[in-house]
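Biologist: I'm new to reading protein models. Could you walk me through one, feature by feature?

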Amino acid sequence: LCRGGLAERLCRLQNRERSAISFWRHQCLSDDKIPSDKSGVLIVRILEIFEECTIQVAICQQLEQSPATLSPEDAVINAEEPVLKVLFTRETAAHLKSRPQDVIHIYPPWQKLLLQNTDVPVIMNTYFSQKVLRSEHSEAREKTYGLTKMLIRKNIISLAQTFRLDDVDDKLHQESSDNQVPCAPQTHNNGDSKQHPLAVSAVNDSLLEMVESQGAVGWREVQVQVVIQRVYCLPAREGYRSQTHGNKPLLSNGGMFCRLCLLVQDAYGMFSEVQLQSLSSTDDVEQYCRRWEGKSCCLAGMKILQRTTRGRALGLFSLIDSLWPPVVPVKVPGQSQDSEMMTTNLPPPSFCYILTVQSGEIHVEVDEEEQISNLYQPPAVHGLKEILRIDGCNERCSFWAQVLYQRLQTKHSVPIDQREMLLFVTDSTLQNVAHGIPKVVAVSVTASCVLSTEIMEALSAGSQLVFFKDALWGNGRIICVERTVLLLQKPLLCSAAGADLSELTGPVRLDELDSTTQASSICALRGTVVGVNESTAFSWPTCNRCGNGKLEVCPQDRELLYCNQCSEVVTTPVLKMQLEVFLSCPSRSQSTVKVKVWHEIRAALFVLLTMLLFLQTYEVQSVLGKEVGLLNCYVHSITSHPNCVVLEEIVLL
C-alpha cells in the first residue's frame, strides 16, 4: 500500500475497528453481564431473519427502554415505534446466533438510515450488539435451540439482477423453499449418503456469482455445478503438511507431500482450482483422471484460499489458456439464458479463484454415471516433431513418447527431492525424420511435478511408453511442471488432431556427435582412441547378486570375498571401473573428446582395456588407434576454450 494513501488509511481504520469490537466482546464476557451504560442503546426483538448478499437482515420490533431487572419476555412492545430492519454482518451474526423472539441490545454508534419510498428504517453499524439471556427459561431455551437446526431464507441475488442487466420480466427475487438452508453448521456421517448437506441446498451454475453472494468466508449452504476439466496433484506448502484428513495423512511421494486438485469450469466459462486435502496414494491420480475428468460435479463447503491473476500464476493460466476458448457456447453474464450464447471473441480469463474445503470433509459430488460434458476439452495429443515446431512460448502440450534414458540433475547444494530429472524421449515422428530435427528430445521434470509411484517404478524397470499430459513448451524446451501429469496409459478421451502416434518398430537411433550437439543431451559416438588417462583409472569388485560395492575378505577363506547384504560368499564378483579415454572424432575434428566410463563395462573395447589395465599385462600403445563403434553417451559439457567435449557412456533403458 502507498504510504499515507487512502488504502493504507482505510486498512488502519479497519484494523482499529476489529480491535475495538474484539475488546468490547471480551470485556462483556469477562464481566459476565450487560454493560450498565444504557444511554443510546437500541433494544429490539427479532421477528424474522433472512440473508441477502452475505448480510443477515433481521425484521425487528423496537422495545421500550425497560429496567435492567425486567425479563425480555416481559418487555412491552411499543406499538408506536415502527418496525425496524436491522443489518448484521456475517461475523456479527455468527457471534450472536440469533433466532426469532430473541432480544438484542445494540450499542452505539449504530446508525439509522431512512430510505425513500419505504416506511421501514434500516439500522446499520451494529457491530456492538449483544443477545440478552436474563431468565433460566431463556437459558434453557437457548440450550435446546442450540441442538436443533433452524432454516434461514437466503435471497440469492445475481450480479445481473443487481445491475439490472436481466430482462424486464425476470423476477428479481427467487425466494422458493429450495433456497432455505440450515444456518447452523452440520455434521454428517460419511457412511450415510442420505444425510449429505448438499441435499438441502440450492444449485447455482456461476462460480463468480457464488463468490460475490457468499463471500470469502465460505459456502456453507449452497453449491455450484461445474465441469471437471483436469485432475492433478500439487505439492503441498510447508504449513499444509501437518494437516490430515481423518486418519489419513497427506500422501508422500519421495518425501514430497501432495494433494489432489481439480481444475473446474462453470457454464459461463470461468475457471477455479479446487484443492482437496489428501489421497491414499499418488497412484490414485490416474484413476481419478479416468473417473472424473469431463464429468459434471457439485461443489459445496468451499472457501476462497486465494484470488490469483495471470501475472501471479503463469503456470495455472498457461493450462487455462490451453482450454480457451470453450468448445461449446457459454453463457454471458448480464444476459438472460435465452439470449444467444458466445464462443468467439471472448477474452481469456484474467483471474481465477483458488478454492479449498472448509474442514476435513470433502464436499465434491461427481456423477460418474453421467455422460461426458460437452464443455469438456480433452488433451490434444501431438507428435514430438509437431511440438518442436510450435512458435509460441509457455504453450501446454500433450504427447505419447518412449522414455529411453533418465538422469537426475546432480546439484549437491540442492536436496535430492528438489532436484530436476531429465527424461530423454522419442517417438515415431522423430525417428523417421532424416535431418534437421533431433531424434531424441530431453524433457525436464521439475521437483514441483508430482510423479506417481507407478511411474517411478516403471521407469526404474526399463524403457516405457509414457503419456505426458499438459507439459509446458517454451524456449526450445519441454518441461513438466506443476499440473503436468505423467500416465502409463493413454486417456480414454484425447484428441490426436491427425498426429502420427504409431509405436516404434526396430532399434532406436540417436543423433551422432557433431557441431550441433548441446550439453545435457544424449548422442551416439564413434572415433579413434588417441589417449588413456591412467591416473584416474580404478576398479572395484561388486556382488553379482545385489550389486553391493563394499565387499569384505571372507573370514574362513581369505582368498574369497564376502557380501554383508547377502550374507554369502561371492565367488564370481563383477568388476566395475572408472576410466577416461580420449577419442578423435571426424564430426568434431577440432575438439578434444573425453569419454568417462563408469561402473560395469559392456562395450568390447573397454572390456579389453579392463583386462589390460588391471592385470598389468599391457602397454598403452597397444590400444591407441583402435576404432570405437557407436557408443551411447550423455554429454556433460561442451567448452570452446579449451575446445573440449566431455561425455559419459550410458546404457539406454
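This is a predicted model: local features need pLDDT of at least 70, side-chain atom pairs count only at pLDDT 80 or more; totals for chains, interfaces and linings use all residues.

Biologist: Over how many bridges do strand 28 and strand 29 pair?

Modeller: Strand 28 pairs with strand 29 (residues 561-563) in the antiparallel sense, over 2 bridges. To see the pairing residue by residue, find Glu-552, which stands opposite Tyr-562 in strand 29.

Biologist: Okay, on to the inside. Which residues have the most contacts in the largest nonpolar core?

Modeller: That core has 31 residues, and Leu-262, Trp-292 and Leu-299 have the most contacts inside it. Several elements supply at least two residues each, including helix 5 (207-214), strand 15 (256-265) and helix 6. Strand 11 gives the most, with 5 residues.

Biologist: What is Leu-262 in contact with?

Modeller: If you leave aside neighbours within four places in sequence, the partners of Leu-262 include Ile-228, Val-231, Val-274, Trp-292 and Val-364. There's also another core lying apart from the largest one, with 26 residues, among them Ile-387, Phe-399, Leu-451 and Val-466.

Biologist: Back to helix 6, then. Which of its residues are buried?

Modeller: First, the general idea: an α-helix has 3.6 residues a turn, so residues three or four places apart point the same way. In helix 6 (residues 284-292), the buried ones are Asp-284, Val-285, Glu-286, Tyr-288, Cys-289 and Trp-292. After the helix comes Gly-294, with a positive phi, near 90 degrees.

Biologist: Is Glu-649 buried or exposed?

Modeller: Glu-649 counts as buried because its relative accessibility is 16%, and the cut-off for buried is under 20%. You'll find Glu-649 in strand 34 (residues 643-649). Sequence distance and spatial distance are separate things, too: Glu-649 and Cys-633 are 16 residues apart in sequence, yet 4.3 Å apart in space, C-alpha to C-alpha.

Biologist: Speaking of cysteines, how many disulfides are there?

Modeller: To count one, you need two cysteine sulfur atoms within 2.5 Å. By that rule the count is 0 disulfides.

Biologist: And are Cys-11 and Cys-543 buried or partly exposed?

Modeller: Cys-11 counts as partly exposed because its relative accessibility is 30%. Cys-543 has a relative accessible area of 3%, so Cys-543 is buried.

Technical notes. Residues are numbered from 1 along each chain as its sequence is written. Side-chain values use heavy atoms; hydrogens and water are left out. Buried means under 20% relative accessible area, exposed over 50%, partly exposed in between (1.4 Å probe, protein chains only). Helices (H or I, at least four residues) and strands (E, at least two) are DSSP runs, numbered from the N terminus. Two strands pair if DSSP finds at least two bridges between them. A nonpolar core is a set of buried Ala, Val, Leu, Ile, Met, Phe, Trp, Tyr and Cys residues joined through side-chain atoms within 4.5 Å. Contact means heavy atoms within 4.5 Å.
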